[in-house]
Amino acid sequence: MSNSKINFKKGQVRITETISVLLIFFLIIVFAMIFYGNYQKTILEEKEHESFSDKAIRITTKLLSLPELACTKGDSDYESFCFDMLKLRHVNDLFKENLADYYYDLFSYSRVTVYQTYPFIDQNNPLSKLGVSDEGPWILYEKILCPEGCEWEENENKCIKVDPVVKTSCRPDKKSTYFVVSLRDETKGVPGRPEFKTGYIHVEVFK
Amino acid sequence: MNYNQTNKKRRISQKSRFDKKYKKSGQIQVTFNWLYVLLAGGVILLFFAGIVVNQKESAEKSLSIKIIEDLDSIFTGAYVSDKTQGELPTAGLRDYTFTFECSDGVTEYGLLDQGVVRQENLIPIFSPREIKTEKMYWWSIPYKFPFPVINLLIITSENTKYYILGDLSFSQTFIDDAKKFNLEHLSDDQYPEQVSPNKNYQVRIIDLDNKLTQDSAVPVGLHYMDNDKVSLVNFNANSEVTYYQMTDNPVGGKMWVLVGQSVRVISLGGELDSAMYAAIFSASPDDYKCAMRKAFKRMKYVAEIYFERFNEIKDYHESNPNDGDCVIKLQNRESFFVLLKSQAEACETSYGSGLGSCLELLETARKIKEYNEELELLSCLNIY
């Protein structure tokens, strides 16, 4: 084989070698970017989950010092972690009527329910089941966010899949927090000493 | 010349032609090689430089967003815990300027020139327009009118200096309440000589006795500061607050210029007068009015719930035969709450516009307060 042919072949091999090195190099870069992208996605999902938990706690914190619910003592400070029953019984109507104007910005998509734990509830009381007894539970605020493809059915009181043929329920994605409160009722008990019950608030935040 | 010599010559000449050819080829090859390396290397370097620049911008933006989100959490937490003060170390952000501005019922706060802002339409926030500091302070005070309506959130910084003139009693109470804030009371003898910027970012003079006006001289010590960093807040006997800004005097030196119009502070006074304190820290009359309107908006809903509470109290006393005095006292008083609600609604839009409807709101609140005290004397259930 002549020298020029040999050199020509050497040159070809060298160029192919260089191109292969570059190809592998860029392949590694692409893999690194895919890996980084997936890592960022995981970080974002974690952050979203944290933010979601944080939202439930913030709503609970706001509720505990809400003037529409807090127990007042004249010009003194609020009683901590106390809900005034004389207000609590009417707060649902207030929130409902002014949802779009004000309270949605405060509570967003969530449900706030107050339960009485002590004195113990009479489970046989039919009024309790209807939700109209004075032993609760009291739904103070409710605005449900149903998952995609579902909508809130008022009559069924749950999310139903949008399907003309079969109605199946959907489970909304939510996070719950609980907090113990006392429930003060000045129209019960003896004069000068209002009745205090124990209960808890259940805050459900919807994604 | 014999054959061998000729051949030798021919071989030498062939070799030199061959060498020349290869030398040229080698030169071209090496040059091309280096060019190729430089080009490829340059492209790769540019690629990575592009990624680095992109990531840097993304990281800065991400940091700005995180700062504002954290501020949002802190403000929400601060706001719900009434009568509390706190500090927020911002040493790592000393090069950033925080901005606060309220308009059309919405407070926008964020980092200057970072393009990141947060909007807050519920919490009334009172603060200087710009804060650049290593330590921010916040203070949440309940606005009682006469029952608690909403918490007012005051934000300032360690390098915002407040000089208080006049009314020693109020001044002392204010300094005691504000605790860590950068406040100093000056007597008539001490003003204006002791007024100096020191290392403060901005200075505000608070005149409680309405002695300083637009024609008053600006303390010489403040002349070297930027005009927008020096301000004066003046309270008169009618609880009206007026804001002034330092500006250049056409004949030399500095002078005060009026900012907007005077605003009436709607407050029942007493201990921890939140509306008045808020006026002291507010950047301008427009910011003050904008934030207070949020309070009036909330007031109309709180008034409604207290109306329901009033009805429950009335039903309770009417069902008790021994509560005749209370029943009489509770007759025909629903109008208080209906009025409070409608007046708060009017104030929500007209406050500070000079139409005077908020003075009626003040009167209604006073009546509810007196009425509540009368109920307490009769041992009836209180309104609040």
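This is a predicted model: local features need pLDDT of at least 70, side-chain atom pairs count only at pLDDT 80 or more; totals for chains, interfaces and linings use all residues.
**Chain A**

Select chain A. For its 207 residues, a compact globule would have a radius of gyration near 17 Å, but chain A has 31 Å. Turn the view along the principal axes: the C-alpha atoms fill a box of roughly 120 × 50 × 35 Å.

Among contacts in chain A with a separation of 6 or more, 61% are between residues 24 or more positions apart.

Now show the surface of chain A. Buried residues make up 33% of the chain. If the charged side chains are coloured, 27 positive and 30 negative charges can be located in chain A, with mean positions 11 Å apart.

**Chain B**

Move to chain B, which has 384 residues and a radius of gyration of 36 Å, whereas a compact globule of that length would have one near 21 Å. The C-alpha trace of chain B spans about 155 × 60 × 35 Å along its principal axes. Its cartoon shows seven helices and 14 strands.

Of the residues in chain B, 47% count as buried. The chain exposes about 19300 Å², with 52% supplied by carbon and sulfur atoms. Colouring by charge brings out 43 positive and 51 negative charges in chain B, whose mean positions are 23 Å apart.

**Aromatic pairs**

Over all chains, the structure holds 37 aromatic pairs. Select Phe100(B) and Tyr109(B): their ring centres lie 6.0 Å apart and their planes meet at 25°, so the pair counts as stacked, the cut-off being planes under 30 degrees apart. Both Phe100(B) and Tyr109(B) are buried.

Which parts of the chain does the pair of Phe147(B) and Tyr306(B) link? Phe147(B) sits in the loop between strand S7 (135-144) and strand S8 (148-157) of chain B, while Tyr306(B) belongs to helix H4 (residues 285-318) of chain B, 159 residues apart. This pair is stacked, at 3.9 Å centre to centre with 10° between the planes. Both Phe147(B) and Tyr306(B) are buried.

As a last stop, select Tyr137(B), Trp139(B), Tyr162(B), Phe170(B), Phe174(B), Phe181(B), Tyr277(B) and Phe281(B), which form one aromatic cluster.

Notes. Residues are numbered from 1 along each chain as its sequence is written. Chains are lettered from A and ligands numbered from 1 in the order in which they are written. Side-chain values use heavy atoms; hydrogens and water are left out. Rings of Phe, Tyr and Trp (its six-membered ring) pair if their centres lie within 6.5 Å; planes under 30 degrees apart count as stacked, over 60 as edge-to-face and the rest as tilted. Buried means under 20% relative accessible area, exposed over 50%, partly exposed in between (1.4 Å probe, protein chains only). Helices (H or I, at least four residues) and strands (E, at least two) are DSSP runs, numbered from the N terminus. The radius of gyration is taken over C-alpha atoms; the globule rule is 2.2 Å times the number of residues to the power 0.38. Accessible areas come from the Shrake-Rupley method with a 1.4 Å probe; for residues, only the protein chains shown count as cover. Lys and Arg count as positive and Asp and Glu as negative; His and the chain ends are not counted. The place of a charge is taken as NZ of Lys, CZ of Arg, CG of Asp or CD of Glu. Contact means heavy atoms within 4.5 Å.
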